Amino acid sequence: MPLKLASKLTPGVPVEVDGIVPNVLVELSLKEIERLGVQHGNQRLPLAELFAATGNAADGRLEFTGELAGVHRIGAGMTAGRIDVAGAAGRHVGSQMTGGEIHLAGNAGDWLGAEMHGGAIHVRGDAGNLVGSAYRGSERGMTGGTIVVAGNVGDEIGHTLRRGLIAVGGSCGDFAGINMIAGSVVVFGDCGARAGAAMRRGTIALLGPRPTRLLPTFRQACRLRPIVLGLLLAEIRRLGLPVAAELSEQDYWLYHGDALTIGRGEIWVRAA
């Protein structure tokens, strides 16, 4: 039976659950887990005051239930195991994680998977800004792993992405893939302005039915049906995000840029 943490919280004061991750809890008894410190506003409180704990963490699984929209840093820094979140969650879910899985049934706040190094995050709802991005002032964003969001996301997803895959089933905001170094961003809905701004390498696939206006510093290279994109879509389908068969059977325009940098990035756009 997995360890279950049922929130006793009401909306209001934010909570940060740093260190409440399967790889840390697996060696602890239920009483020891209940005594772990959790940040509640400007106070450090025992976990038992904020969550009702049942089960045990011996199998490396952790489940969060209840009011969690104000609970931040779920799964931050985790290295192994699995976390399931029954509803919405706050900011920084899975930030800087290196392994394991996080499955979120509701929406996620900003900084989902920020500076993630490995593992997998699956979100059934929407996510906020800066998915898989670098923290301000950092030279590296996400360096590995996968993030799959079934719904919509905000601005600056994949900011300074270095490696890894971000797949968005819905639409995204402005500056998708800004300052990308490598890795892949795939958006199945509409995309906002300035996609790929200052990108150096990497791949952005904009697969929405409506055309996306790119920056003038991207040049059109050719029209083709890329094998590599078909392989990427097959991987996304394997990860559980529905992918229409027609997307693997049509032509795409390839653009190179951003010419303001070394210009080796690729943006794929559905041909009309």
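**Reading contacts, rings and pockets in a predicted chain**

Mentor: In this chain, 42% of the contacts with a separation of 6 or more are between residues 24 or more positions apart, a contact being heavy atoms within 4.5 Å. Keep in mind that this is a predicted model, where local features need pLDDT of at least 70, side-chain atom pairs count only at pLDDT 80 or more, and totals for chains, interfaces and linings use all residues. Residues are numbered from 1 along each chain as its sequence is written, and side-chain values use heavy atoms, with hydrogens and water left out.

Trainee: How many helices and strands are in the chain?

Mentor: Helices (H or I, at least four residues) and strands (E, at least two) are DSSP runs, numbered from the N terminus. Here you get three helices and 17 strands.

Trainee: What share of the residues count as buried?

Mentor: Buried is under 20% relative accessible area, exposed is over 50%, and partly exposed lies in between (1.4 Å probe, protein chains only). By that cut-off, 54% of the 272 residues are buried.

Trainee: Which aromatic pairs does a search of the whole structure find?

Mentor: Rings of Phe, Tyr and Trp (its six-membered ring) pair if their centres lie within 6.5 Å; planes under 30 degrees apart are stacked, over 60 edge-to-face, and the rest tilted. The search turns up two pairs. In one, Phe51 and Phe64 sit edge-to-face, 6.0 Å centre to centre with 75 degrees between the planes. That pair links distant parts of the chain, as Phe51 is in strand β5 (residues 51-54) and Phe64 in strand β6 (residues 61-65), 13 residues apart. Phe51 is buried, at 1% relative accessibility, and Phe64 is buried at 1% too.

The other pair is Trp111 and Tyr135, which counts as tilted because the ring centres are 4.9 Å apart and the planes are at 40 degrees. Trp111 lies in the loop between β9 (101-104) and β10 (120-123), and Tyr135 in the loop between β10 and β11 (143-149), so the pair ties together parts 24 residues apart in sequence. Trp111 is buried at 13%, and Tyr135 at 18%.

Trainee: Now the pockets: which residues lie closest to the centre of the largest one?

Mentor: Rolling a probe the size of a water molecule over the atoms shows where empty space is left. On a 1 Å grid over the protein atoms alone, a pocket is an open set of points where a 1.4 Å probe fits, with protein on both sides within 12 Å along at least five of seven lines; lining residues have an atom within 4 Å of a point. Grid points are joined across faces, edges and corners, and the volume is the space filled by probe spheres set on them.

The largest pocket holds about 230 Å³. Of its 14 lining residues, His103, Leu104, His122, Val123 and Arg124 are the closest to the centre. Strand β8 (82-85) gives the most to this lining, with three residues.

Trainee: What volume does the second largest pocket have?

Mentor: About 160 Å³. Its lining includes Trp253, Tyr255, Val269 and Arg270, and β16 (252-257) and β17 (265-270) each supply at least two of the lining residues.
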